[in-house]
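I'm opening my notebook for today's look at a protein model. First pockets, then a pair of helices.

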Amino acid sequence: MVGADKMRISWITDDQTPATVAYGTSPGDYAKSATGTTSFYQFDVYKSGQIHEVVIGPLHPDTVYYYRCGGNSARKFSFKTAPSAFPIKFAIVGDLGQTEHTNSTLQHISESNYDMLLLPGDLSYADSWQPRWDSFGQMMEPLASRRPWMVTQGNHEVEISTPPFTAYNARWRMPFEDSGSTSNLYYSFSVAGVHVVMLGSYTDFDPSSAQYKWLQSDLAQVDRTKTPWLVVLIHAPWYNTNKAHQGETESVDMKKYMESLLYNARADVVFTGHVHAYERFVSNAIRRRIVSCCCYYII
């Protein structure tokens, strides 16, 4: 989702194809079209396919649109835009990966009538083996082509690359500019009465950092009369009981620097991933819900 009434369509091809999307509100009737950009990235000896990105709109809320991408008229898709007001249903999943458990999770999500998926990091688990980004894209296409997916990064997106997050930033471009952010690793957006903040656990977050200053500014602009819910997603949890994930700077120091910002903004709920278990906490400072999960659930 880009802004209140646009959608970014992204797809990858082996061959050259126009970066165009034709779309409309009736099956087979593509009355409108838009043109975007094409790029690729190099990762060691791996060269990605052609990454096409097209922003379409303005679109109506809570409406099904039919579309096709590039020069391939045989492949046809449809998606539904999010509603403009309550109720709205989010599917939230962390640490998705590519296993038999992933398939069952995606199947379960597909059976629910959700409006938008939120993912607090760890997508493909490529861990520098780039073909796994391709297989991940093929695996999630049936769902991600039908509903907006809004994601942030985790430790498995860092990868051994210069700069870090090379594949993630090339393949999963989020609308960070719309919220005044200068980085694809953290941003915010509002939808149907909910202001969603996506934070970056694996980029600078101390008080002198761009992310900290951006978060201060973003939270100061939240209008609770328009977005009464304030939801935050982070990959590394600030609270957890997993013995393997204690004392990590992404948790301890980020909590030290940023928890008071969320407390003062009266954040309603924080969703995290990383620990591969479901836990629910009420912070002594925030006294609001902090949920750590790597299974899916729907709110």
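Which residues lie nearest the centre of the largest pocket? I'm working with a predicted model here. I looked it up and found S10, W11, I12, M140 and E141 nearest the centre, out of 42 residues that line this pocket. The space inside comes to about 1,200 Å³.

Next I checked which elements build that lining. Strands β1 (7–13), β6 (46–47), β8 (64–69), β9 (77–80) and β12 (149–152) each put in at least two residues, and so does helix α2 (131–144). I also sorted the lining by class and got 21 nonpolar, 11 polar and 10 charged residues.

Then I moved on to the second largest pocket, with a volume of about 600 Å³. I noted 31 lining residues, and G3, A4, F189, S190 and V191 lie nearest the centre of this one. Strand β13 (residues 187–191) gives the most to the lining, namely four residues. By class I wrote down 14 nonpolar, 11 polar and six charged.

Last entry: helices. How do α4 and α5 sit relative to each other, roughly parallel or roughly perpendicular? The axes of α4 (residues 210–220) and α5 (residues 249–264) come within 10 Å and cross at roughly 15°. Angles under 35 degrees count as roughly parallel, so these two helices are roughly parallel to each other. I put the crossing down as right-handed. On the α4 side, Q211, Y212, L215, Q216 and L219 make the contact, and α5 brings M254, Y257, M258, L261 and L262. Sorting those contact residues gave me eight nonpolar, two polar and no charged.

Terms used: Residues numbered from 1 in each chain as written. Predicted model: local features only at pLDDT ≥ 70, side-chain atom pairs only at ≥ 80, totals over all residues. Heavy atoms only, no water. 1 Å grid on protein atoms, 1.4 Å probe; cavity = no way out; pocket = protein on both sides within 12 Å on 5 of 7 lines; lining within 4 Å. Points joined across faces, edges and corners; volume = space filled by probe spheres on them. Nonpolar A, V, L, I, M, F, W, Y, C, P; charged D, E, K, R; others polar. Axes fitted to C-alpha atoms, helices over the stretch in contact; angles between N-to-C directions. Parallel < 35°, antiparallel > 145°, perpendicular 65-115°, else oblique. Left-handed = near helix turned anticlockwise from the far one by under 90°. Contact = heavy atoms within 4.5 Å.
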